[in-house]
Amino acid sequence: METGRELCVVGRTERATAIGLALASVGLPWRAVSPEVALGRPGVVVGSPALIWAFPPGRHPTLETQGYASGTCAVYAHWSGTVAEVGPVLVRGSGPCVACLFASAASNGRGGHPALRSWVAAWAALQCEALLRTGSSELIGASWRWRLNRPGLDLVRWRALPGCGARDCQP
Ligand SMILES: [Zn+2]
């Protein structure tokens, strides 16, 4: 199989597969990579048009920092038993840097609700399709969040920390 053109979905197999099947439904080729494989062989994600991190910011900081440093844009897409979130889109030089995301991320709890899985997969796929087609995203420095106990779409803003000072970090 040709590699490099596929979107790399990095995460546990069942999570990466749920997102990957949604990517396929909008015509995007994909492959799943476990965090352990991506950490052990950094080249495995090189050349992907975009990375999808199927976990919250800061879950695999070394990996996320490597991806950020490579200049490849990354889309966070994850869910728990109660909360689902798509975004932010991490692009070096636009929006807050990876370290600022780590500092701002909150734990979204454990488990996985099947409806939240479907929601994340579909919205992440649509976001990736638009991102690759248009080259822009409204999720730079922002994410969409859905909570089961407070239904409705929240647009969450992610900001650079005061005094971050990283060269590519934008407030
Ligand atoms: Zn920063």
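A74 is buried in this predicted model: 26 other C-beta atoms lie within 10 Å of its own, and 20 or more is enough to count as buried. This residue belongs to strand β4, which covers residues 74–79.

**Around A74**
- Leaving out residues up to four places away in sequence, A74 touches A50, L51, W53, G67 and L90.
- A74 and R5 are 69 residues apart along the chain, and their C-alpha atoms are separated by 15 Å.

**Overall fold**
- The protein contains five helices and seven strands.
- In sequence order these elements give the pattern β-α-β-α-β-α-β-β-α-α-β-β.
- The protein is as compact as a globular protein of 171 residues, because its radius of gyration is 15 Å, close to the 16 Å from the globule rule.
- Taken along the principal axes, the C-alpha atoms fill a box of roughly 45 × 40 × 30 Å.
- Buried residues make up 42% of the 171 residues.
- Of the contacts between residues at least 6 apart in sequence, 67% join residues at least 24 apart.

**The sheet**
- Strands of a sheet pair through backbone hydrogen bonds, and the pairing is either parallel or antiparallel.
- Here seven strands form an open sheet in the order β2-β1-β3-β4-β5-β6-β7, and the pairing is mixed.
- At the edges are β2 and β7 (150–157), each of which pairs on one side only.
- From one strand to the next, the twist averages 15°.
- Helix α5 packs on this sheet and touches β1, β3, β4, β5 and β6.
- The direction of α5 makes about 170° with that of β4.
- Strands β1 (residues 7–10) and β2 (residues 30–33) pair in the parallel sense over four bridges.
- V9 has A32 in β2 as its bridge partner, and V10 has V33 in β2.
- Together with helix α1 (residues 13–25), strands β1 and β2 make a right-handed β-α-β unit.

**Helix α1**
- The 13 residues of α1 should span 18 Å at 1.5 Å a residue, and the end C-alpha atoms are 18 Å apart, so the two values agree.
- Buried residues in α1 are R15, A16, A18, I19, G20, A22 and L23.
- These buried residues pack against β1, β2, β3, β4 and α5.
- An α-helix has 3.6 residues a turn, so residues three or four places apart point the same way.
- In α1, R15, A18 and A22 are among the buried residues.
- After α1 comes G27, whose phi is positive, near 85°.

**Helix α5**
- Helix α5 runs over residues 114–134; its 21 residues should span 30 Å, and the end C-alpha atoms are 30 Å apart, which agrees.
- The buried residues of α5 are L116, V120, A121, W123, A124, A125, Q127, C128 and L131.
- G135 follows α5 and has a positive phi, near 75°.

**Two prolines**
- P57 sits in the loop between β3 and α3 (61–70).
- P57 counts as buried because 27 other C-beta atoms lie within 10 Å, against a cut-off of 20 or more.
- Apart from residues up to four places away in sequence, P57 touches E64, Y76, L101, F102 and A105.
- One of these, E64, lies in α3, and another, Y76, lies in β4.
- P57 and P96 are 39 residues apart in sequence, with C-alpha atoms 12 Å apart in space.
- P88 lies in strand β5.
- The peptide bond that joins G87 and P88 is cis, with omega about 0°.

Definitions and conventions. Residues numbered from 1 in each chain as written. Predicted model: local features only at pLDDT ≥ 70, side-chain atom pairs only at ≥ 80, totals over all residues. Rg over C-alpha atoms; globule rule 2.2 N^0.38 Å. Buried ≥ 20, exposed ≤ 12 C-beta atoms within 10 Å, placed from the backbone. Contact = placed C-beta atoms within 7 Å. Pairing = 2+ DSSP bridges. Right-handed = clockwise from strand over helix to strand, strands pointing away. Expected span 1.5 Å × (residues − 1). Axes fitted to C-alpha atoms, helices over the stretch in contact; angles between N-to-C directions.
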